[in-house]
Amino acid sequence: MDIVFIEDLRIDAVIGIYDWERRVRQTLAFDIEMAFDNRVPAAGDDIALTLNYKDVSKRLIDYVGASSFGLVETLAERCAAIIREEFGVSWVRLKLSKPGAVRGAKAVGVRIERGTRPQ
């Protein structure tokens with residue numbers, strides 16, 4: 001199995017359950033791993049056959065930037081669903097971090113895996 005990854009994708013969004021969080025944009029960080037067979041695009045050196053990480057990133061930037069969820073859990077689920085459904089990814093591992101949300105911690109958040117991980 002091959003992995004296409006996006007590391008530390010920073011996106012500003014409205015996220016959180018407290019009143020003050022609903023009035024400001026906070027920076028979220030995404031680490032994403034996606035199963036994809038890279039042999040076909042590699043054989044032909046053709047970007048059209050790849051899982052284009054730029055396209056995935058742009059889609060998430062647009063979606064997350066326009067979102068307004070209370071829970072990082074909900075946002076993580078929605079992002080994983082977008083990746084799987086719109087980009088044909090059979091397995092995704094997504095880490096969504098909220099830097100600075102808890103005093104004393106670099107970041108807090110969730111890590112989820114969805115789909116069947118190919119062998």
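A salt bridge is taken here as a side-chain nitrogen of Lys or Arg within 4 Å of a carboxyl oxygen of Asp or Glu. The structure is a predicted model, in which local features need pLDDT of at least 70 and side-chain atom pairs count only at pLDDT 80 or more, while totals for chains, interfaces and linings use all residues. Residues are numbered from 1 along each chain as its sequence is written, and side-chain values use heavy atoms, with hydrogens and water left out.

The model holds 7 salt bridges. One of them pairs Glu86 with Arg59, with the closest N and O atoms 2.7 Å apart; because Glu86 lies in helix α4 (residues 72–87) and Arg59 in helix α3 (residues 53–66), this pair ties together parts that are 27 residues apart in sequence. Helices (H or I, at least four residues) and strands (E, at least two) are DSSP runs, numbered from the N terminus. Glu86 is partly exposed at 44% relative accessibility, and Arg59 is likewise partly exposed, at 26%, where buried means under 20% relative accessible area, exposed over 50% and partly exposed in between (1.4 Å probe, protein chains only).

A further salt bridge joins Lys98 and Glu21, whose closest N and O atoms are 2.7 Å apart. Lys98 belongs to strand β4 (residues 91–99) and Glu21 to helix α1 (residues 19–22), so that parts 77 residues apart in sequence are tied together, and both residues are buried.

Glu33 and Arg93 also form a salt bridge, with the closest N and O atoms 3.3 Å apart; Glu33 lies in strand β2 (residues 26–35) and Arg93 in strand β4, so this pair ties together parts 60 residues apart in sequence.
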